[in-house]
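Please keep the sequence and the 3D view at hand while reading.

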Amino acid sequence: MELSDSFRHKGLRHRLVREIEKKGITDKNVLEAIGRVPRHLFMDSSFVNMAYKDQAFPIGQGQTISQPYTVAVQTSLLDVKPGDRILEIGTGSGYQAAVLHEMGASVFSIERQKRLYQKTSRLLASIGYKDIRLFLGDGYEGLPAFAPFDKIIVTAAVDEVPSTLLMQLKIDGMLVVPLGERSQTMTRIKRLSDDDFEKETFGEFAFVPMLKGIAK
Ligand code: SAH
């Protein structure tokens with residue numbers, strides 16, 4: 001695999017960042033992180049030009065790498081601070097996890113598809129993202145052994161927020177999740193106390209569904 005990051009890639013990435021900024025993303029730390037992650041390495045090398053288009057893309061196993069704008073929205077809503085312990089549900093290509101890592105977060109990410117988990121584990125190690133902790137598992141269960149988390153990000157669609165995940169949030173922590181069947185409403189839930197939660201919504205998006213169990 002070609003792991004280089006050339007001036008050409010950097011130029012294309014810079015344009016992508018400007019484009020996302022124009023669409024309304026103002027968080028400088030998010031824009032800078034997107035400007036640093038070599039998205040072309042997370043997709044097939046034959047799609048380098050496509051890598052810096054603001055589009056979702058197939059990555060195999062019927063899954064997609066999220067649209068950069070969507071990654072930027074979810075990441076902005078998380079209000080990432082260096083040192084935050086963040087759990088991601090749906091590792092996929094590992095791109096979203098890399099963006100969170102670039103912002104100084106301590107990232108834990110779960111993927112249910114074994115082949116994707118293996119491929120992404122190899123990729124992240126080869127690019128140098130060795131501190132991102134990947135797990136093969138069912139995101140509906142979260143990661144009880146590593147809970148609680150400051151933030152949780154779900155990158156697959158659910159009808160209802162899994163309560164298991166809410167219980168793995170710190171007080172004052174928050175969870176960002178696309179909620180809905182056909183199209184999804186981006187939703188942020190803050191944990192105010194043991195059993196008080198506050199919900200806010202942020203527009204419509206399209207995600208692949210969150211499925212139960214592990215796929216071999
Ligand atoms: N965050 C990814 C995009 C993920 S697409 C990226 O940056 O590329 C959604 C991913 O969620 C898919 O890889 C899918 O296999 C995974 N997924 C779906 N249901 C899941 C579950 N219950 N637990 C863990 N991962 C799940």
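**Aromatic pairs, backbone and ligand**

Six aromatic pairs turn up when the whole structure is searched. The structure is a predicted model. One of the pairs is made by phenylalanine 42 and tyrosine 95, and its geometry is edge-to-face. The ring centres are 5.7 Å apart, with 80 degrees between the planes. For the edge-to-face class, the planes must be over 60 degrees apart. This pair links distant parts of the chain, its two residues being 53 residues apart. Phenylalanine 42 belongs to the loop between α2 (28-36) and α3 (48-51), while tyrosine 95 is in helix α5.

Two places along the backbone can be looked at next. Aspartate 79 has a positive phi of about 50 degrees, although it is not a glycine. The loop that holds aspartate 79 runs between α4 (68-78) and β3 (85-89). Further along, alanine 147 and proline 148 are joined by a cis peptide bond, with omega at about 0 degrees. Proline 148 is also a loop residue, placed between β5 (133-136) and β6 (149-154).

The space that the ligand takes is the largest pocket. Elements giving two or more residues to the shell around the ligand are β2 (63-65), α5 (95-102) and β4 (106-111). Of these, β2 gives the most, with three residues. Sorted by class, the shell has ten nonpolar, twelve polar and four charged residues.

Which residues come nearest to the ligand? Out of the 26 residues around the ligand, they are Gly90, Ser93, Glu111, Gly139 and Leu211. Glutamate 111 has an N or O atom in its side chain that is 2.6 Å from an oxygen atom of the ligand. An N or O atom in the side chain of aspartate 138 is 3.0 Å from a nitrogen atom of the ligand. For threonine 155, the distance from a side-chain N or O atom to a ligand nitrogen atom is 3.1 Å. How much of the ligand's surface does the protein bury? Taken alone, the ligand exposes 590 Å², and the protein buries 99% of that area.

Key. Residues are numbered from 1 along each chain as its sequence is written. This is a predicted model: local features need pLDDT of at least 70, side-chain atom pairs count only at pLDDT 80 or more; totals for chains, interfaces and linings use all residues. Side-chain values use heavy atoms; hydrogens and water are left out. A residue is near a molecule or strand if one of its heavy atoms lies within 4 Å of it. A polar contact is a pair of N or O atoms within 3.5 Å; within protein, one must be able to donate a hydrogen and the other to accept it, and residues adjacent in sequence count only if both atoms are side-chain atoms. Accessible areas come from the Shrake-Rupley method with a 1.4 Å probe; for residues, only the protein chains shown count as cover. On a 1 Å grid over the protein atoms alone, a cavity is a set of points where a 1.4 Å probe fits but cannot get out, and a pocket is an open set with protein on both sides within 12 Å along at least five of seven lines; lining residues have an atom within 4 Å of a point. A molecule sits in a cavity or pocket if more than half of its atoms lie within 2 Å of its grid points. Helices (H or I, at least four residues) and strands (E, at least two) are DSSP runs, numbered from the N terminus. Ala, Val, Leu, Ile, Met, Phe, Trp, Tyr, Cys and Pro count as nonpolar, Asp, Glu, Lys and Arg as charged, and the others, Gly among them, as polar. Rings of Phe, Tyr and Trp (its six-membered ring) pair if their centres lie within 6.5 Å; planes under 30 degrees apart count as stacked, over 60 as edge-to-face and the rest as tilted.
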